[in-house]
Protein chains: 4
Amino acid sequence: MPGNSFGQLFKITTFGESHGPSLGAVVDGCPAGLELTEADLQEALDRRKPGQNRYTTARREADQVKILSGVFEGVTTGTSIGLLIENTDQRSQDYSDIKDTFRPGHADYTYQHKYGVRDYRGGGRSSARETAMRVAAGAIADKLLRQQGIQVQAALTQMGDVVASNIDWQQVRENELFCGDANAVEAMQELIRQLKKEGDSIGAKIRVQATGVPPGWGEPVFDRLDADLAKALMSINAVKAVSVGDGFEVVSQRGSEHRDEMTPDGFLSNHAGGVLGGISSGQPIFADIALKPTSSIAISGRTIDRWGNEQAIVTKGRHDPCVGIRAVPIVEAMTSLVLADHWLRQRAHNLTAQTETPDISR
Amino acid sequence: MPGNSFGQLFKITTFGESHGPSLGAVVDGCPAGLELTEADLQEALDRRKPGQNRYTTARREADQVKILSGVFEGVTTGTSIGLLIENTDQRSQDYSDIKDTFRPGHADYTYQHKYGVRDYRGGGRSSARETAMRVAAGAIADKLLRQQGIQVQAALTQMGDVVASNIDWQQVRENELFCGDANAVEAMQELIRQLKKEGDSIGAKIRVQATGVPPGWGEPVFDRLDADLAKALMSINAVKAVSVGDGFEVVSQRGSEHRDEMTPDGFLSNHAGGVLGGISSGQPIFADIALKPTSSIAISGRTIDRWGNEQAIVTKGRHDPCVGIRAVPIVEAMTSLVLADHWLRQRAHNLTAQTETPDISR
Amino acid sequence: MPGNSFGQLFKITTFGESHGPSLGAVVDGCPAGLELTEADLQEALDRRKPGQNRYTTARREADQVKILSGVFEGVTTGTSIGLLIENTDQRSQDYSDIKDTFRPGHADYTYQHKYGVRDYRGGGRSSARETAMRVAAGAIADKLLRQQGIQVQAALTQMGDVVASNIDWQQVRENELFCGDANAVEAMQELIRQLKKEGDSIGAKIRVQATGVPPGWGEPVFDRLDADLAKALMSINAVKAVSVGDGFEVVSQRGSEHRDEMTPDGFLSNHAGGVLGGISSGQPIFADIALKPTSSIAISGRTIDRWGNEQAIVTKGRHDPCVGIRAVPIVEAMTSLVLADHWLRQRAHNLTAQTETPDISR
Amino acid sequence: MPGNSFGQLFKITTFGESHGPSLGAVVDGCPAGLELTEADLQEALDRRKPGQNRYTTARREADQVKILSGVFEGVTTGTSIGLLIENTDQRSQDYSDIKDTFRPGHADYTYQHKYGVRDYRGGGRSSARETAMRVAAGAIADKLLRQQGIQVQAALTQMGDVVASNIDWQQVRENELFCGDANAVEAMQELIRQLKKEGDSIGAKIRVQATGVPPGWGEPVFDRLDADLAKALMSINAVKAVSVGDGFEVVSQRGSEHRDEMTPDGFLSNHAGGVLGGISSGQPIFADIALKPTSSIAISGRTIDRWGNEQAIVTKGRHDPCVGIRAVPIVEAMTSLVLADHWLRQRAHNLTAQTETPDISR
């Protein structure tokens with residue numbers, strides 16, 4: 001199957017290029033009866049929007065999302081929901097010199113190989129601009145989940161060597177870097193200023209967590225909740241690693257240390273990150289993601305053109321020195337999409353409305 | 001959709017419990033005309049087989065795989081391939097005391113919540129025994145890939161704090177721990193002996209790589225090659241983290257350092273791990289995986305039973321002190337399944353048999 | 001995707017050739033908690049079994065089905081259910097002369113074109129033998145549906161020019177032709193005797209109906225209940241036509257005649273066949289199917305061989321003069337599979353457990 | 001999975017209500033390199049457009065389709081293609097009196113049951129207005145097929161009791177009823193005039209055929225070419241029956257009559273309709289479809305309202321007396337979508353580019 005759809009029961013299909021007339025998505029499978037307005041989606045989009053502060057790209061995108069179907073008199077009808085954002089601030093002239101030259105670290109070379117043709121303007125379909133529709137669709141999933149008492153939130157936890165020592169979620173919400181450690185924020189801002197001067201960029205780390213997910217979500221053996229989450233997060237531009245729970249630290253752990261012991265009053269720890277055997281345990285689910293530094297930098301790089309000739313390239317245009325910042329709402333969106341999907345899947349198959357098993361997470 | 005299938009065009013569907021009569025799989029989508037015998041599959045299974053050395057579980061499983069359909073006179077016919085392994089060495093009595101008690105770190109608690117009922121014998125469907133069918137099916141995928149000049153291989157790169165300093169693939173093949181560093185092997189063996197005495201277990205790290213994959217495989221924006229790989233690997237029992245290329249190290253990297261510059265003679269580095277924008281670049285693809293220490297240990301742990309009462313449990317039975325060892329062939333199998341699937345997907349959509357784009361990876 | 005799976009949430013995947021070692025299926029998505037034994041499946045298989053009377057093929061197949069997974073202590077566990085039937089009565093020598101010659105009306109020619117290789121013994125995968133697994137899987141779906149008060153049943157309504165004037169379901173169950181009109185049965189038996197003498201075969205028509213389906217099943221706009229039913233029934237060997245409700249008779253009907261008027265006490269007619277806009281209306285669902293005469297007949301026919309040479313062929317072996325008879329349980333099975341699938345799909349999406357809309361079908 | 005997608009490799013996902021702001025579709029999986037303009041799609045849409053003659057509804061829809069992505073400099077890029085049509089001529093006031101009353105023969109009652117809420121304006125999502133996007137997407141599929149030498153065309157073959165005695169494809173193209181028999185056209189026009197006077201409607205029959213399809217397309221055992229075609233056609237509004245080849249006539253046929261004998265110079269007949277065992281044989285593929293008379297008529301009918309009260313209803317608004325006329329391009333579109341999908345599927349799996357099997361259809 002072609003690759004522009006995600007999800008089985010709560011399913012999104014997206015389209016749109018960075019510099020095409022518009023971006024769009026179809027959200028199929030959203031249950032009827034959910035109150036939904038364009039404002040619900042806009043709020044999420046505004047968090048992701050570039051140009052909102054001086055630490056992200058200066059490109060201004062109105063990113064006004066329209067709901068074209070599936071909602072009637074403010075309520076979802078159960079039919080497919082069409083979403084559209086018109087591209088308004090496109091400076092195509094910025095990209096004319098990369099028409100035939102492959103930017104290193106970008107998908108130019110691989111798209112050209114795969115398709116034999118590509119929309120080179122701003123990276124076309126490979127641009128992170130595509131993720132705007134994920135955020136819009138994710139906002140619908142998020143609203144469904146909130147009604148179930150589930151809260152999904154992400155934070156920037158590291159930028160370069162600057163590590164956030166804790167996550168104060170209040171800080172995250174107020175902070176333009178989505179970072180939960182006020183001290184780290186200052187150091188990160190300083191780092192960005194330095195990078196802008198140097199024309200360079202930096203990687204980042206994001207933590208996402210979901211609280212309130214009841215036990216029983218996830219479909220072994222392949223569609224485990226953590227496996228679908230890994231795919232969802234790895235599908236975000238620039239992501240190079242995904243870990244759940246203690247992640248790579250488990251390599252050095254002993255079984256007696258890692259296994260989360262249980263008591264009638266709850267789990268004694270959460271090394272697993274809320275998933276056991278691919279199924280939610282009722283504990284908070286958490287995952288960490290690594291994002292590479294953006295490859296669009298002002299420092300000249302060696303590359304080739306379409307005919308195989310050696311070239312040097314300096315990426316012009318307006319680019320984030322750290323794509324990890326704007327990725328925070330995208331990470332939340334993809335996590336919400338996975339959870340909404342598994343919520344519906346669990347609804348389909350769970351005949352016994354209430355199992356008698358004690359839920360120690362409550 | 002239910003979760004026991006993986007892949008879109010090269011698709012496997014598996015069934016079977018640890019202590020049921022047998023395990024099985026259907027491989028659907030394998031092209032006609034491939035020479036295939038049970039011996040091809042058996043060779044892969046034998047690598048995964050427990051009881052083959054003193055560092056893995058003493059349980060003996062013949063793991064004799066039978067091909068029940070889809071192959072005629074030694075050649076695949078294009079119809080679905082049925083595979084079956086009968087379970088022969090099941091000591092169900094070992095598990096009678098966990099019938100109503102949830103083993104910490106296992107899927108007992110979550111399966112009970114999800115389904116309201118579970119086959120408790122040896123973990124039932126949640127047992128790693130299930131992965132035998134992945135290995136059998138993966139061997140078919142692997143044979144297809146080898147015909148394309150693609151080689152998939154994995155190695156144990158870390159156990160606890162013992163790190164393999166390099167990967168000598170010849171060593172990996174000869175080594176019963178699938179480790180490519182002879183010095184590390186000795187330290188790992190010593191660690192296992194120590195853990196067996198203590199009744200404890202340890203985590204592990206695996207590196208998998210695929211060489212020979214041409215540029216152009218992967219289906220943006222959601223079914224990226226690395227996203228599907230992340231799902232495939234995270235769906236393996238005990239895996240808690242997946243990274244591609246430099247993985248979490250990219251957090252501290254600069255764009256000028258990470259982006260892999262290109263010259264007419266090839267890429268100057270491979271920080272990306274062979275995937276750009278979700279599409280293979282022609283460079284070697286590599287990924288790292290973290291596996292948690294097995295939760296089945298001889299050290300008593302706190303837990304609850306089905307009725308919520310406090311219990312203590314010591315897991316009896318025969319278990320690997322480090323599940324990471326036997327996971328190596330499983331990691332190879334899942335990687336091969338992802339690649340075979342994307343090979344067929346790329347065949348479907350790639351109208352222009354040869355693009356004129358220079359392939360600098362050759 | 002490869003074609004050996006059917007269903008989205010209640011999904012079956014089958015394998016097996018007519019003269020291979022065995023046939024098998026994986027039923028994935030069956031909810032946990034259903035009481036299920038091999039006897040439940042065997043009963044359905046025995047109805048389809050050849051050799052049970054003198055009007056169908058003399059080939060004897062034990063068709064003993066085994067449940068290999070997914071059921072524990074007599075109850076489904078929610079994991080995938082493996083099913084297996086070993087082929088026991090295969091006379092492969094019967095088919096040696098069609099190794100290189102294409103039987104007219106069969107799939108020999110098209111399989112050879114598609115795959116370049118084929119298991120010629122008894123038609124291999126294209127044999128109706130494959131439908132045994134549909135019947136076994138359908139029996140699981142049927143059991144689920146019966147618990148919801150839904151009854152699926154089919155009957156032979158025409159053979160050649162012999163038309164059943166009514167359907168007495170008691171007759172259908174007692175009758176070896178699955179025909180609900182005792183008078184027609186006699187004429188059909190006479191027709192079959194005549195055809196056996198002549199070495200010829202005849203087509204048939206089957207009616208299937210489902211009662212007790214509540215309003216609201218079906219997923220517009222493509223996965224309509226009737227569209228999925230059409231696919232399911234058309235996928236059965238030899239089926240050439242599927243109609244719902246009044247079928248082709250609607251061509252001559254007027255709107256004032258066709259539309260089923262409603263009153264508080266119920267619908268005044270059921271021209272629609274229980275489906276409106278692709279969604280069940282609560283009325284009985286009914287469909288008609290046409291099956292072609294079997295192409296395996298004792299009358300010589302013109303054909304070609306693999307090298308394009310002209311050949312004449314007389315199909316030997318044991319064959320039904322009217323495949324429509326044995327198709328009756330298969331039609332029931334496919335109908336049950338479609339309904340079980342849509343029951344689960346409706347469960348996933350229907351947030352409001354009870355709509356306030358009056359159900360005039362009750 | 002939700003029901004607004006069709007196809008596996010050439011996949012469309014649609015959205016939009018009759019009286020919402022717009023209709024849209026995403027076409028995913030179209031290979032790169034196809035020349036495509038909005039004019040290609042518009043031509044197909046114009047054939048379906050209402051208001052083009054006095055025999056269909058007087059509603060005027062500009063139906064101007066826009067391509068929003070996936071095409072760059074006149075050529076498809078392999079990325080998802082977004083399509084949009086804005087709804088311009090909506091007289092919502094026409095429908096205010098059916099807000100709470102279910103029109104008999106329509107999906108009002110079933111949508112209300114399924115979703116608990118519905119966009120009642122013009123039938124909302126259940127309106128045939130939805131099929132505009134099928135036609136637009138089908139035009140892309142059609143263009144791909146034409147490059148392979150495949151031609152898909154449909155014709156109105158019966159309206160009420162007026163039967164077209166033959167299909168002159170030149171006539172079909174010139175004719176506003178898409179009917180291939182000039183004499184029948186006159187009688188049909190007379191019938192429509194009569195029906196308009198009476199305020200009634202009539203059913204219709206359509207024949208679709210595809211020539212040039214090579215042998216080997218179709219994926220047994222469930223995704224047979226004819227099974228997927230049956231689903232595609234049955235998913236069109238008002239369709240109640242689908243038959244392939246001789247259809248229901250096979251019930252009375254003998255095997256010696258039905259089986260299409262073969263010679264080195266070709267098949268001697270085409271009772272099968274170009275499909276054997278679910279795979280194309282290289283002969284012309286043909287199918288017949290029955291469409292019910294539209295339920296929106298000016299004759300008062302009995303029904304109920306949302307609260308179960310008895311009501312009488314006269315459907316106002318602008319409606320076709322025979323929906324079968326406008327369905328002709330829709331039937332072509334769905335047939336093209338099925339074929340394009342199976343073309344890609346066959347490409348994926350067919351390793352041996354040319355089988356040595358003689359193709360007697362050429």
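The tour goes from the chain contacts to single residues.

**Before you start**

This is a predicted model, in which local features need pLDDT of at least 70, side-chain atom pairs count only at pLDDT 80 or more, and totals for chains, interfaces and linings use all residues. Residues are numbered from 1 along each chain as its sequence is written, while chains are lettered from A and ligands numbered from 1 in the order in which they are written.

**Stop 1: chains A and B**

Select chain A and chain B. Their contact takes 95 residues from chain A and 95 residues from chain B; two residues are in contact if their C-beta atoms, placed from the backbone, lie within 7 Å. On the side of chain A that touches chain B there are 35 nonpolar, 38 polar and 22 charged residues. Here Ala, Val, Leu, Ile, Met, Phe, Trp, Tyr, Cys and Pro count as nonpolar, Asp, Glu, Lys and Arg as charged, and the others, Gly among them, as polar.

**Stop 2: strand 11**

Select residues 239-244 in chains A and B. Strands pair if DSSP finds at least two bridges between them. Helices (H or I, at least four residues) and strands (E, at least two) are DSSP runs, numbered from the N terminus. Within this pairing, Ala241(A) stands opposite Ser243(B).

**Stop 3: chains C and D**

Switch to chains C and D. In this contact, 95 residues of chain D meet 95 residues of chain C. Strand 11 of chain C and strand 11 of chain D run antiparallel, joined by 3 bridges, and Ala241(C) stands opposite Ser243(D).

**Stop 4: annotated positions in chain A**

Return to chain A and select Arg48(A). The UniProt annotation "binding site" covers Arg48(A) and Arg54(A); UniProt positions are given in the numbering used here, feature names are shortened, and annotations may be inferred rather than shown by experiment. Arg48(A) is found in helix 1 (residues 38-48). Is Arg48(A) buried or exposed? Arg48(A) counts as buried because it has 25 C-beta neighbours inside 10 Å. A residue is buried if 20 or more other C-beta atoms lie within 10 Å of its own, exposed if 12 or fewer, and partly exposed in between, with C-beta atoms placed from the backbone.

UniProt also lists Ser126(A) and Asn237(A), among others, for "binding site". Select Ser126(A), in the loop between helix 2 (108-115) and helix 3 (131-147). Leaving aside neighbours within four places in sequence, its contacts include Pro220(B) and Gly277(B). Next, Asn237(A) lies in the loop between helix 6 (225-234) and strand 11. Asn237(A) is buried, with 23 other C-beta atoms within 10 Å.

**Stop 5: Asn183(A)**

Finally, select Asn183(A), in helix 5 (residues 182-198). Asn183(A) counts as exposed, with 12 C-beta neighbours inside 10 Å.
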